[in-house]
Amino acid sequence: CLDFSFGNYLINKSHLDICGDKAISVGENSKVNLNDINIKNSNIGIASKDSSKTQIYNAEIQNVFMCMAAYKKKQEFSGGFITVNNINCNDFVKKTQIDNFSEIIINDKL
């Protein structure tokens with residue numbers, strides 16, 4: 001549904017449903033702040049990759065394969081970073097996926 005590259009973005013109050021692969025994809029050195037996000041029926045809820053930093057405040061994610069993923073996809077970048085304050089993820093197969101280059105911090109805990 002939403003795909004961000006090379007920029008700074010702020011999204012307030014978003015309802016994303018039936019997005020296919022990723023509801024929100026943040027890549028290529030982007031900085032994204034997401035506030036009050038509601039995601040349903042996607043493969044991955046939120047993905048941050050390739051030197052991107054994603055800040056999430058209040059998220060509801062349901063009926064996904066994976067809630068969040070942070071990873072390095074392209075060799076010219078480092079990993080992806082996600083910081084979350086207040087997330088509720090239901091009906092998922094895997095909560096997070098993180099590679100060795102990346103971090104996901106939920107409520108101040110790695």
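Asn 33 touches Tyr 9, Leu 10, Ile 11 and Gln 55, leaving aside residues up to four places away in sequence; contact here means heavy atoms within 4.5 Å. This is a predicted model, in which local features need pLDDT of at least 70 and side-chain atom pairs count only at pLDDT 80 or more, while totals for chains, interfaces and linings use all residues. Residues are numbered from 1 along each chain as its sequence is written, and side-chain values use heavy atoms, with hydrogens and water left out.

**Setting of Asn 33**

- Asn 33 belongs to strand S3; strands (E, at least two residues) are DSSP runs, numbered from the N terminus.
- With a relative accessible area of 32%, Asn 33 is partly exposed, given that buried means under 20% relative accessible area, exposed over 50% and partly exposed in between (1.4 Å probe, protein chains only).
- Between the C-alpha atoms of Asn 33 and Asn 8, which are 25 residues apart along the chain, the separation is 8.3 Å.

**Nonpolar cores**

- The largest nonpolar core has 24 residues, of which Ile 24, Leu 34, Ile 39, Ile 46, Ile 56 and Met 68 touch the most other members; such a core is a set of buried Ala, Val, Leu, Ile, Met, Phe, Trp, Tyr and Cys residues joined through side-chain atoms within 4.5 Å.
- At least two residues of this core come from each of strands S2 (8-27), S3 (31-49), S4 (53-71) and S5 (81-98).
- The most is given by S4, which supplies seven residues to this core.
- Ile 56 is in contact with Leu 34, Ile 46, Met 68, Ile 82, Thr 83, Val 84 and Asn 85, not counting residues up to four places away in sequence.
- Another core, of five residues, lies apart from the largest one and includes Ala 47, Met 66, Ala 69 and Tyr 71.

**Disulfides**

- Two disulfides are found in the whole structure, a disulfide being a pair of cysteine sulfur atoms within 2.5 Å.
- Cys 1 is joined to Cys 19 with an S to S distance of 1.9 Å, and this link is left-handed, with -90° about the S-S bond.
- Because Cys 1 lies in the segment before strand S1 (2-5) and Cys 19 in strand S2, the pair ties together parts that are 18 residues apart in sequence.
- Cys 1 is exposed at 52% relative accessibility, whereas Cys 19 is buried at 15%.
- The sulfur atoms of Cys 67 and Cys 89 are 1.7 Å apart and form a disulfide; Cys 67 lies in strand S4 and Cys 89 in strand S5, so this pair ties together parts 22 residues apart in sequence.
- The link of Cys 67 and Cys 89 is left-handed, with -85° about the S-S bond, and both cysteines are buried.

Technical notes:
Helix = DSSP H or I, 4+ residues; strand = E, 2+ residues; numbered from the N terminus.
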